[in-house]
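Hi everyone, thanks for coming along. I have one structure for you today, so let me put it up on the screen and then talk you through two parts of it.

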Amino acid sequence: MATRFQSPDKTSSDLARKTSALGVSAREFLRSPQLVGSAFPASQVLVDRLLDPVDWSSARVVVEYGPGSGPLTRAMLQRMPHDSRLVTLDVSPHFTRHLQRSIDDPRLLAVTASASSVAEILERHGLGSADLIVTGIPFSTMSAQLADQIMDASAQVLSPHGQVLAYQMRTAVEGYLEPRFGKVRKSFVWRNIPPCHLYWAS
Ligand SMILES: C[S@@+](CC[C@H](N)C(=O)[O-])C[C@H]1O[C@@H](n2cnc3c(N)ncnc32)[C@H](O)[C@@H]1O
């Protein structure tokens with residue numbers, strides 16, 4: 001049976017990346033707890049539970065709101081076709097810089113901006129509509145006006161067969177997804193700090 005071998009270089013660079021991701025997440029949480037929501041990056045269990053049910057082979061344009069230190073960003077790039085684009089929008093320039101420095105992938109466009117400007121950013125880069133929108137931004141702590149603006153913009157840029165994937169500590173996002181999308185599937189993942197609600201809306 002073949003044994004999977006990881007070179008010491010690969011193991012130490014993975015460790016350096018994880019340490020740096022934990023550092024930037026903790027610093028940004030201390031700076032703005034309301035905006036960041038959690039000091040811990042999403043767990044591998046959460047990432048797989050949210051992303052595995054989706055057909056990534058047909059994703060051409062994917063948008064991520066609030067990538068933070070990038071655990072979902074990296075996992076999505078592994079699943080996405082070679083000619084696709086992933087646009088990340090985060091209000092924190094520190095998280096954007098962390099992604100730009102730690103992910104060397106021409107498909108990634110990491111932007112410091114609010115999710116509410118998604119339509120303008122896709123248009124500025126000539127990207128048309130989004131096949132998938134993935135969001136971890138905290139809908140429970142933002143104003144209802146901003147949450148409505150973000151979901152209206154998301155519904156506007158999503159392609160007709162597209163999906164919105166959300167992971168949230170609380171259930172506030174349901175009240176913004178359900179009026180705009182015909183079908184909202186829900187689940188829950190315990191193995192994350194904190195445990196999270198998962199949503200797939202289409
Ligand atoms: C729960 S954290 C995401 C954590 C990240 N997925 C991880 O696992 O490291 C929420 C993120 O949303 C960002 N954020 C909050 N409000 C936002 C908004 N209106 N638009 C874009 N990003 C936002 C925060 O800066 C933070 O990076």
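Before I point at anything, one term: two strands count as paired if DSSP finds at least two bridges between them. And please keep in mind that this is a predicted model.

With that in hand, let's start at the hairpin. Strand 6, residues 184-189, and strand 7, residues 196-201, pair in the antiparallel sense, over six bridges. Within that pairing, Val 189 stands opposite Cys 196 in strand 7. The hairpin gets from strand 6 to strand 7 through six residues. Pro 194 lies in that loop between the two strands, and the peptide bond joining Ile 193 to Pro 194 is cis, with omega about -10°.

Where does the ligand sit? You'll find it in the largest pocket. Helix 2 (33-36) and strand 2 (85-90) are the elements that give two or more residues to the shell around it. In total, 21 residues surround the ligand, and the closest are Val 36, Ala 42, Asp 90, Ala 115 and Tyr 167. What is that shell made of, by class? There are 15 nonpolar residues, five polar ones and one charged.

Let's zoom in on the ligand's nitrogen atoms. A backbone N or O atom of Ala 115 comes to 2.9 Å from a ligand nitrogen. With Ser 114, an N or O atom of the side chain is 3.4 Å from a nitrogen of the ligand. For Val 91, a backbone N or O atom lies 3.5 Å from a ligand nitrogen. And how much of the ligand does the protein bury? Taken alone, the ligand exposes 600 Å², and the protein buries 94% of that.

That's my tour, so over to you for discussion!

Conventions: Residues numbered from 1 in each chain as written. Predicted model: local features only at pLDDT ≥ 70, side-chain atom pairs only at ≥ 80, totals over all residues. Heavy atoms only, no water. Near = heavy atom within 4 Å. Polar contact = N/O pair within 3.5 Å; in protein donor to acceptor, adjacent residues only side chain to side chain. Areas by Shrake-Rupley, 256 points an atom, 1.4 Å probe, with all protein chains shown as cover. 1 Å grid on protein atoms, 1.4 Å probe; cavity = no way out; pocket = protein on both sides within 12 Å on 5 of 7 lines; lining within 4 Å. Sits in = over half its atoms within 2 Å of the grid points. Helix = DSSP H or I, 4+ residues; strand = E, 2+ residues; numbered from the N terminus. Nonpolar A, V, L, I, M, F, W, Y, C, P; charged D, E, K, R; others polar.
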